[in-house]
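Me: I am new to this structure. Could we go through it in questions and answers?

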Amino acid sequence: MLLEELRKTVCAQNKALVDNGLVLWTSGNVSARDPETNYVVIKPSGVLFDKLTPEKMVVVDLHGKVIEGDLTPSVDTASHLYVYRLRDDVHGIVHTHSPYATSFAITGEPLHIYTTTSAAVFGGTIPISQFAVIGEEEIGQEIVEKIGESEAILIRNHGIFTIGKTSEKALKNAVVLEETAQSVHYAMLRTKIEPLSEEVVERGYRIYHDTYGQKKSTV
């Protein structure tokens, strides 16, 4: 099986969308780009998450040609591939309709940074796209044009996309984005709130990326 390990990873990460409450039914998807072949592994269209297996993942090239797989790839494949073609640094993409983040997408509001967690992970406001038709490259174009230095974007009236150097990082971004949107939503119901200052956000982002996780010892 071509790209067996990557297919196992992408299959597990698609199932993790359900585990983290980011998707319902068959909506949403994770893809990953293999750095050696530039082939992309993506979820098949319309298959329930609990029915997914590594063998059912679809391998496509950057122009959408199916390289291996018996099923039709996700309807969002063209959007994923557009981003991969234009962003050499991106090797993982996640798309969900997670409810709290999508509520901001529906109202057309960017999601500002109100929490130290979102400051650490994103380092700046989550931008909002213009309305784009699903199933074509149009959403991919909006992502590339509007996402800037962020690793997440709200797609107007649709949902969210997150990117990363790996599909694991893109998945983490999707989880943190929904957690943030939920907290901000609840806080807005209670009182008027103000986002963190740019200085605080930048400092939190820098400290997090300099210190979080297990760093190799210099001793």
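**Questions on the chain**

Me: Is Q13 buried or exposed, and what is its relative accessible area?
Reply: Buried means under 20% relative accessible area, exposed over 50% and partly exposed in between, with a 1.4 Å probe and protein chains only. Q13 falls under the 20% limit, so Q13 counts as buried, and its value is 10%.

Me: What kind of model is this, and how are residues numbered?
Reply: This is a predicted model, in which local features need pLDDT of at least 70 and side-chain atom pairs count only at pLDDT 80 or more, while totals for chains, interfaces and linings use all residues. Side-chain values use heavy atoms, without hydrogens and water, and residues are numbered along each chain as its sequence is written, from 1.

Me: Where is Q13 found, and which residues is Q13 in contact with beyond its neighbours within four places in sequence?
Reply: Helices (H or I, at least four residues) and strands (E, at least two) are DSSP runs, numbered from the N terminus. Q13 belongs to helix α1, residues 4–19. Contact means heavy atoms within 4.5 Å. Leaving out neighbours within four places in sequence, the contacts of Q13 are V30, S167, E168 and L171.

Me: How many helices and strands does the chain have, and what is its radius of gyration?
Reply: The chain has 7 helices and 7 strands. The radius of gyration is taken over C-alpha atoms, and the globule rule is 2.2 Å times the number of residues to the power 0.38. For 219 residues that rule gives 17 Å, and the chain is close to this, so it is as compact as a globular protein of that length, with a radius of gyration of 17 Å.

Me: What is the order of the strands in the open sheet, and which strands stand at the edges?
Reply: Two strands pair if DSSP finds at least two bridges between them. The sheet has 7 strands with antiparallel pairing, in the order β4-β3-β2-β1-β5-β7-β6. Each edge strand has a single partner strand, so one side of it is left without a neighbour in the sheet; these strands are β4 (66–68) and β6.

Me: Which strands does β1 pair with, and over how many bridges?
Reply: In the antiparallel sense, β1 pairs with β5 over 4 bridges, and S31 has I93 as its bridge partner in β5. R33 has V40 as its bridge partner in β2. With strand β2 (residues 40–42), β1 pairs in the antiparallel sense over 3 bridges.

Me: Which residues of β1 are buried on each side?
Reply: In a regular strand the side chains alternate between the two faces of the sheet. In β1, 5 of its 5 residues are buried, and both faces are covered. One side has N29, S31 and R33, and the other has V30 and A32.

Me: Which residues of helix α5 are buried, and what arc do they cover?
Reply: In α5 (residues 138–146), the buried residues are I139, G140, E142 and I143. The arc is that of the directions from the helix axis to the C-beta atoms. These residues are on the same side of α5, because they cover an arc of only 160°.

Me: Which residues touch the most other members of the largest nonpolar core, and which element gives the most to this core?
Reply: A nonpolar core is a set of buried Ala, Val, Leu, Ile, Met, Phe, Trp, Tyr and Cys residues joined through side-chain atoms within 4.5 Å. Of its 41 residues, L17, L111, F122, L154 and L177 touch the most other members. With 7 residues, the element that gives the most to this core is α6.

Me: Where is N157 found, and how far is N157 from A105 in space?
Reply: N157 lies in the loop between β6 and β7, and its relative accessibility of 42% makes it partly exposed. Not counting residues up to four places away in sequence, N157 touches A105, I106 and F131. N157 and A105 are 52 residues apart in sequence, while their C-alpha to C-alpha distance is 5.4 Å.
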